[in-house]
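Please read it alongside the sequence and structure shown here.

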Amino acid sequence: MGKGGCNITAVKDDILKDQDVKTQTTTTDINAPAVVRDKTLITSSFLATKNSIDECWIAYEGKVYDVTHWLAKHPGGIRSIMSAAGSDATSVMKSLHAPNTLEHFMKRIRKVGVLAVDNVSLNRVDASVQENLDSIEKLNEAKYKRAKERSDAIHEDFESLNQKLTSEGWYEADPKWYLIPITRVALFLYVGSRMVLWSDSMDENLGGRLLLLFFGSIFLGFFLQNIAFMGHDAGHGSISGSFKSDLWLGFLVGNAFAGIDVNWWKSTHNVHHSATNSLHDDPDIQHMPLLCFDERMAENRWSTYHGRYMPLDAIGRALLPYQHLYFYPVMAVARINLYIQSIIFLAQTCPFFGGQKKAGDKITDDVTGQIKERYAWPSPTPAVWVSSVLSLSFYWYMNYSFYSRLSLVTAIVSFTICHLTSGLLHVQILLSHVAMHYCADGHGSTDAITAPNGNGTAGYYEWQALSTMDVDCPPWMDWFHGGLQFQLEHHLFPRVPRRHLRKLCALTDEIFAKYNVPVVRLSFYEANKLVLRHMATVGANVVRLKKTD
């Protein structure tokens, strides 16, 4: 998805029609910028060519900006911008940033022109070009106009809803609300640790020792699962309402108490929001060759996040038909991978080694000769990096201090049960997206998506509904899901605190019903069944299709 939405068909939306147009280049270059009444008009097709680290443009509220020099400075990382490079990023930018943030920073970025309206085109082209344009217009005009009107209408309705939420204070932070979640995680930590310690000190009653060890370790697992919800809120700046303050809170609840670096998490999560279920861009779905959620993932696609190809190797061919069987075991140990990724991230972003950071590098594939871009990681300040390292070190010091007080067997069993329990979080993370629609519209690709609206395109807000599932549960189970079981509403309005997401459902459902956009909301049990069926089907199809290649 990325780029503000997903497009099925390539449509000539850059055709300009105006009597006052003066082209800045040759008369046959229909994509080039044009000057209309002292305004530089930039067509969508020309904008789409500016999607590299050497020249990166985006459109925001009808204006086109050159963000090339902002890439390495963006607090949310290079990858989240590049997922929207060369496109109208208005919707995704407004969903992820506060209005005052956008107002402050957009003033600093060079404006290069105005995004051309769709019914304006060049009037001076030669006969052969005009004939081709007429043919394209006849084939696509009606369909494109219908899709554009639909997308604009949905955008306007969600923009109106956003204004309503702002005026009614839905975005306002309420730190006092966290008293109950903090009490809950503190109880999980205290009760769990005391039970595990008590189990190791009992000389007799083996059954009692095992029960204490088992349930105590489960409580510790629930501590890791629940505190991650607060780390998530800190990453979105919704605890205090300030991204700067919440960064330091993130060091506490993310690094020090959860062992996951908040800056690494933000570097992945921001891309997931801006490019949900994009095969090329979204790191949350890129787990080849161990897991494959869409048949197109087996086509040796380039990951813009990881900066490498994702091949279907011999291991994948052997394993993928059974991925629905080992999905839960993999999720049970997935937290270990997050620990490893956090450490790798800190090593890669160390500000004390290397020279000035740049946006990325060009690499050439030895087999195909294709030139790809490998993006650089964000460059934290020395103070932020040191804080990350110290807070992450605190987590491992506290783990050592606790487990070293136990016998070796007890420590291994407790650590294992704790992390198996916390693996529920990773099931919850993937549950909302695995069995939904996927978009292959990454950089250098115009592959189709499976948008069911008949218009050949899905705008940003509609794509969130097509790629995201809600998990339905009673309010008393919100502690288990952290309120984030309403993933669709969270993706639509990431800055809305999760305590409001249940109430937000009715407002977003009303808009989607107006445009016949399907909203999927299933119970936790039914959602798991759907995901397992989907994975079984994809795993079998991938191996069967590759055998026929």
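A residue counts as buried when its relative accessible area is under 20%, as exposed when over 50%, and as partly exposed in between. By that criterion, 55% of the 549 residues of the protein are buried. The model is predicted.

**Overall architecture**

- The protein has 20 helices and 14 strands.
- Among contacts with a separation of 6 or more, 73% join residues 24 or more positions apart.
- The accessible surface of the protein amounts to about 25100 Å², and carbon and sulfur atoms contribute 60% of that area.

**Nonpolar interior**

- In soluble globular proteins, nonpolar side chains tend to be buried together.
- The largest nonpolar core has 48 residues, of which Val 67, Leu 71, Met 82, Met 93, Phe 158, Leu 165 and Phe 493 touch the most other members.
- Helix 19 (residues 501-514) supplies the largest share of this core, with 5 residues.
- Another core lies apart from it and comprises 30 residues, including Leu 291, Met 297, Tyr 438 and Val 471.
- Beyond its neighbours within four places in sequence, Phe 158 is in contact with Tyr 461, Leu 492, Phe 493, Thr 508, Ile 511 and Phe 512.

**Nonpolar surface patch**

- A nonpolar patch on the surface is formed by Val 333, Ile 336, Ile 340, Ile 344 and Leu 420, which together have about 390 Å² of accessible area.
- Helix 12 (residues 334-348) gives the most to this patch, with 3 residues.
- Ile 340, a member of the patch, is placed in helix 12.
- Because its relative accessible area is 42%, Ile 340 is classed as partly exposed.

- Gly 459 belongs to strand 12, which covers residues 457-459.
- With a relative accessible area of 16%, Gly 459 falls under the 20% limit and is therefore buried.
- Gly 459 and Ser 151 are 308 residues apart along the chain, yet their C-alpha atoms are separated by 5.4 Å.
- Gln 464 is located in helix 16, which covers residues 460-467.
- The relative accessibility of Gln 464 is 0%, so this residue counts as buried.
- The side chain of Gln 464 makes a polar contact with the side chain of Thr 276, at 3.4 Å.

Note on methods
Residues numbered from 1 in each chain as written. Predicted model: local features only at pLDDT ≥ 70, side-chain atom pairs only at ≥ 80, totals over all residues. Heavy atoms only, no water. Helix = DSSP H or I, 4+ residues; strand = E, 2+ residues; numbered from the N terminus. Buried < 20%, exposed > 50% of the residue type's maximum accessible area, 1.4 Å probe, protein only. Polar contact = N/O pair within 3.5 Å; in protein donor to acceptor, adjacent residues only side chain to side chain. Patch = residues over 30% accessible without salt bridge, like charges linked within 9 Å, V, L, I, M, F, W, Y side chains within 5 Å. Areas by Shrake-Rupley, 256 points an atom, 1.4 Å probe, with all protein chains shown as cover. Salt bridge = Lys/Arg side-chain N within 4 Å of Asp/Glu carboxyl O. Contact = heavy atoms within 4.5 Å. Core = buried A, V, L, I, M, F, W, Y, C linked by side-chain atoms within 4.5 Å.
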